[in-house]
Every structure is written in C-alpha cells, then in structure tokens.
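Biologist: Before we go through the fold together, could you put the sequence and the model on the screen?

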Amino acid sequence: MAENNKGNKKKKPMIPSTPPRPTMQLWMLAVLILLIFGLTYLNKSSASVETTQQDFEEMLLSNDVSKLTIVNGNLVEVYLKEEALQNDKYKAELESRGSFTVGQGPQYHFKIISAESFKEDLEKLQENIPKDQRVGYTLDTRTGFADFFLQWGFLILLLFGFWFLMRRVTAGGAGGQIFNIGKSKAALFDAENKVKITFKDVAGLEEAKEEVQEIVEFLKNPSKFTILGGKIPKGALLVGPPGTGKTLLAKAVAGEADVPFFSLSGSDFVEMFVGVGAARVRDLFKQAKAKAPCIIFIDEIDAIGRHRSRGQIQGGNDERENTLNSLLVEMDGFATDSGVIILAATNRPDTLDSALLRPGRFDRQISIDKPDINGRTEIFNVHLKPLTLAPDVDAKKLAAQTPGFAGAEIANVCNEAALIAARRNKKAVDQQDFNDAVDRVIGGLEKKNKIISPEEKKIVAYHEAGHAIAGWFLEHADPLVKVSIVPRGVAALGYAQYLPKEQFLYTTEQLIDEMCMALGGRAAEEIVFGKISTGALSDLERITKMAYSIVTMYGMNSKIGNVSFYDSKQSDMTFNKPYSEATAETIDNEVRNIIEAAYQRTKDLLMAKRHELEIVSQELLQKEILFQNDLERLVGKRPFDTLTTYQAHTAGTDRSETKSDLEQKHPLEHGLPTHKEQENGTPLTEEEAAARQDNSVNSRTA
Ligand SMILES: Nc1ncnc2c1ncn2[C@@H]1O[C@H](COP(=O)(O)OP(=O)(O)OP(=O)(O)O)[C@@H](O)[C@H]1O
Ligand SMILES: [Zn+2]
C-alpha cells in the first residue's frame, strides 16, 4: 500500500520551471542545423564550375580573367571580367551548370598541386604582359565541411557521450535534465491545480487535526498572529507508521487554509552530484517564498535528515550532510512571518539529526498512530462513500475485520472490493466482496510480515493486560495512561503507556515494583496459556539491565555491598571488569535471584488478580485501546493513586526475536522525548543522557 502510494506521488504535476524533457528534440535540432550549415558551405565552394588548368590558361590568354584566389594552396578560383561574362562562350556553359549568372562569386575553379608551382606557371604565362596589366591573385585559407568535422566532430561526439551519461545517471528524476539538475523536484499544487482535500477527508486523527488547526489559522491570516507577537512554528514533524495519513493530513492543512502546497520526498534532494541537493533546497525555498503563504511538505525526511556523523573517520555521506545543512540554513534564514510552513513526515524520528528538532525548526512533533477500531470505522466511512454498496455492508463490521490496518490499507480494501464486485458483474459492492478484498490485502501484508493472527492478538492482549494489572496493583509502579494492542511499527505488537513520576532518587522497592510491572506481560502469558512467547524480549532486556544496575551500580545488593562498579567515564562496563571471577559469579547469581524473585512476586500477584486480568484482556481484545478510566471502570480505583502530570512512557510487546527487532527500539521510545536523568543539579547533555540511559535504572522507557 505504502508502495502504491509512492508510485502515485511520483505522478504529480511538475513545477513549470521544469518542462517535460525537451532536451532530446533540442539536440536533434542542433545537429540538423549544423548539418545544413555544413552542406551549404560545401555547396558554396563548389558553386563555381570545375574546369582544367588548360582551359584556364586559355581564359587568361583571352584576357577574360579579372582575378584569382588560391585557396588552401590546392585550389584556384577564377573570377571572370564583367564583359567576358556577357560572352556566349561562358554564359551558356555557366547557365547550363546552374551556376551564378553574373557577378560576385568565382565562376570557375580547378585543382592545383602546389601554390608555388602554380605561381611560377602564372608568371611564365604572363611574361609578355606589362606588369600593371597582369592578373593578380590572393591567398586564402578556408575550412571545408570535412576539415571542420575532423576538427570538431571528435569534440561533438565527446559532448554527446557525456550527455548520454548524464541522462543515465539522472534517469528517473524529472526527465534527468542537465540544466534543471539543481532545481527542486517538488510537485506544486496552486491556483490552477488546487489541493481539494480538507479535514473532512481525513478520518479520525482528531488530536493531530487539533494540533495543525493553529497552522491553518495562521496560514489563513498571517498578520493576525504576527501583530500580537505570537510565535508560529516554522515546521512540524508528522510522526507515524506508513500509510497512516501523514501526507493526507499535510494536504488537508493546505486545502483548509487554501494555500499552495509543495510536495516532495526527502530522497528527491539527493543526487550523486555534489552540491545538487543543496541547490535544490535553495531553489525550493526560493519558489516557496514567492508563493507564500504556503506549505512545503517533505515526505520521508529521514532520507536527508539522518544524524550527521560526528567526526567519524569515514565521514559518512558528505553530500547528504550538505543537503541537510542547507535545509537547516534555509529554515533558520526565513522569518516566521514569511508565511512558509514546513511539514515533514517520518516514521523513524529517532534517526533524525537533533539539529532538525531544535526550536525554530521542526520543534513540534505530531504523532499519527495506526487507527483503533473506531478510527478504522471512520476511515471506512470516508472510503465507502463513493462506492455503491449493498445493504449488508457495515463499516463497523469491516473495522472489526481489519485489526492493525492503516488508512492506506483500508483505502486499498475499499478499492479492491469495488474491483472484485465489478469483475463479478454486480450492481453493488457487498460484504462478500469486502471479505475477499480483506483477504487479498491481508495476503499482501502477510508477505511483508505485517499482520498478526487472531491467536497472536490474544497473546498480545493478555500480555499487555498483564502489564496493566501488575502496574495497577503495585504501589510504586507508575500510573497507567493507556494500554493498546494496535500494532505500532514493525516490532511492537502492543504497548502500555505510563506516567513516570518526576523523581531522581529511587528506592529499592520502587525499582523492584518497576521490574515486576515489566515482567507482568510474561507472567500473564505463563498463567493464561501455560507457555511463554518471545514477545517479552524488550521487557526482559529492560529488567536485566535494571537488575544489573541494582547490583553493580547502586550498591543495593547485600551480598555485593555498597560497591559501585560504575565508571562515569566509561559507558561500556563489560570490558575491563574491576572485580574478581568470584565476584562476577556472585553478581550473576544475585541478578538472577532478583529477577526470579520479582517474577515469582508478579506471578503471585496476577494469580490473585486472575479475574481482573481476564476482564481487562477481553475488553482489550474488543476495544484495542483502554485508558485509565476504562481500567477504573473494569477493576476499580487504583489503591494508591496519586495524580501525576508527567510525561508518558511505555512497555511493549515485541513480535519475535529477530535481528531487526533486537536492533529496533520500541516505537514510543523514540516517539516521545525521554526522561532525562539529573545528578547534583547539573543537567546532562543530550549525549550524556543517552549514554547514561543505557546503563541506568532510571531509564524511563520499557
Ligand atoms: N485518516 C485517514 N482518513 C482517510 N483516508 C486515509 C487516512 N489515512 C490514510 N488514508 C488513505 O491512505 C492513503 C495514503 O495515506 P498517506 O499517503 O497520507 O499516508 P502516509 O502516512 O503519508 O504514508 P507514507 O509514510 O507511506 O507516505 C490516503 O491517500 C488515503 O486514501
Ligand atoms: Zn511487555
């Protein structure tokens, strides 16, 4: 689906400054003109009639010749006197040959072997004529077409070769034009080609719509905002998995505000030639400023926005970095009141260079998630509208049939169903057509390993409910925000989101409670299904780190004592251990003991709350997302609740233990800014915090 989309996006109309590939015709024309010139030149030199040296001598002796030109030392051109031209002897011959009637040009020419010998002959012939009456000659060097070609042809061929090469290299681009290589490839929707999409066409995504509403207001009336000194963001980042409507929402903003919309993909900037990306960025902003107020939409900004390499030996991709730098410069360079708003989309915000996310650039992140069952119903309603439907088709039912589908996939289902119905010669699209369409789309997704089976969904539901219940009944665990089994991204099948307390010191009890909460998923799986799955990978990774920190960093273990092996100057503790083999063994044992004890405690708790676990899991299977108040309704108020307004963090279920999963963090982990650790009141730099987070118990994401 996402792929289909991209295909469509390429077909957008091009900006007028990049006309559709006239280069080929231009070159053909140039060659033709060259040929014509060459031929006329050839023609001109042979416009006179060829004669012999004997005939010439006769002409000379009859006193009919007025002057001579020796061309390139091998050809003599003969000019006759006016009165001689009236002579029938010449007139008839010249006219029959279609040569000049009278006048300027030479009438005859003949070849000679060398200019020197001809000059001698000429002198001899005119020996008896007085010097002032003799026929003179001028010397001339001329290039004929053949010479011309020999001299220049090679160069022309070379040019052609180069041109073809360039076409190859830039093929796939906007016709691969040499001259437009530095021009932006943005598709433009303006006056003649307006964006007609409005918020009506974007189903669900209410929060996101609310967030962009401000941008719409601003674009509609920029001065209203700037007069009051209000600060309008220059850019917003739309973050979410493919096909969830990021492009659609950006277009809707343009449609609502009725402003021009420049659309392009991050990869459009990148070309193998140095400086091209930067030139394209500048060109894009120049065009945008001319059309302000307007929106620039950059899809897949990660293509240019990845972290710049920091003094690495290889230096990374310089061209991409140049492009990114010029984007940063352009974004800094225009004032907020210039009326250009940049929206960008990505599904990997974690890979973006932090410079892009600084204030004054993409300082807003709008997260666009896969829809839950209600969202899917709304999206179905949008895409069912243009179809002729049989009465048995129901958007709600369809939404229930399509867990994990993004908007693009739903659009695809509706389209497929219509095609299937047409093939079956039906008057209306009915439920059976939709069933088959859903199967077909799932088939496509299954190939991409993107769809979960009902059994898996059940496991995920119990796993997440386990996290939720454990957290609910553990005193020191963070309060729950929501728990979801709507898959996010590639790796996470579900997640639970919590409000972490704003605190910098943790007691052992708190750490143990957090570990139990993280183990709630696996414990629930074991209790309910009698077996465990690989879905707890990131949970286990997290608690293992926590347990090691308890023992080796915070001196919280009685066997090891008040010792910390943590070295603030060394982020990787696995090498050069400052302890003996015996201590290493004790550490390993203690870590295992801590985890086992926590696991047993969690299992006991969930066993005691088996009924609550069941209710929450069932509700989760039906509704896919449950919020704090849903849990209150289902299992009663949380015994030790304190109201907190801190930022959320998450615990999730992993799909399986594949390599990519191991490498991939939980989606929310990069979606949300992470809680930073603070020591002695000195704030950590971003890098420090990131490095610390890996080893710290205070890591706030699960
Ligand atoms: N919320 C929605 N409401 C209605 N239609 C939607 C919604 N989300 C997606 N769609 C449908 O899916 C299509 C593709 O969505 P869009 O291109 O905006 O996704 P995207 O998030 O930009 O994906 P990508 O990351 O692949 O670019 C839309 O043209 C629309 O038909
Ligand atoms: Zn989990």
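Modeller: Here it is, and one term first: helices and strands are DSSP runs numbered from the N terminus, a strand being a run of E with at least two residues. Please keep in mind that this is a predicted model.

Biologist: Which residue in the turn of the hairpin formed by strand 2 and strand 3 has a positive phi?

Modeller: Strand 2 (residues 65–71) and strand 3 (residues 75–80) run antiparallel and are joined by six bridges, with valine 71 standing opposite leucine 75. Three residues lie between the two strands of this hairpin, and the one in the turn with a positive phi, of about 50°, is asparagine 72.

Biologist: Which residue of strand 5 stands opposite valine 71?

Modeller: Strand 2 is also joined to strand 5 (residues 137–140), by four bridges, and these two strands run parallel. In this pairing, the residue of strand 5 that stands opposite valine 71 is aspartate 140.

Biologist: In the open sheet of six strands, which strands stand at the edges?

Modeller: The order of this sheet is 6-8-9-10-7-11, with mixed pairing. Two of its strands each have a single partner strand, so one side of each is left without a neighbour in the sheet; these edge strands are strand 6 (187–189) and strand 11 (364–367).

Biologist: Which residue of strand 10 stands opposite phenylalanine 297?

Modeller: Strand 9 (residues 294–299) and strand 10 (residues 340–346) run parallel and are joined by five bridges. Across this pairing, phenylalanine 297 stands opposite leucine 343.

Biologist: At about what angle does helix 8 run to strand 11?

Modeller: Helix 8 (residues 206–220) lies across strand 7 (235–239), strand 10 and strand 11. Relative to strand 11, the helix runs at about 130°.

Biologist: How many residues of the shell around ligand 1 are charged?

Modeller: Ligand 1 is surrounded by 20 residues, the closest being Gly245, Lys246, Thr247, Leu248 and Gly407. The elements giving two or more residues to this shell are helix 1 (2–10), helix 10 (246–257), helix 15 (373–384) and helix 17 (407–423). By class, the shell has 11 nonpolar and seven polar residues, and the number of charged residues is two.

Methods: Residues are numbered from 1 along each chain as its sequence is written. Chains are lettered from A and ligands numbered from 1 in the order in which they are written. This is a predicted model: local features need pLDDT of at least 70, side-chain atom pairs count only at pLDDT 80 or more; totals for chains, interfaces and linings use all residues. Two strands pair if DSSP finds at least two bridges between them. Two residues are in contact if their C-beta atoms, placed from the backbone, lie within 7 Å. Axes are lines fitted to C-alpha atoms, for helices over the stretch in contact, and angles run from 0 to 180 degrees between N-to-C directions. A residue is near a molecule or strand if its C-beta atom, placed from the backbone, lies within 6 Å of it. Ala, Val, Leu, Ile, Met, Phe, Trp, Tyr, Cys and Pro count as nonpolar, Asp, Glu, Lys and Arg as charged, and the others, Gly among them, as polar.
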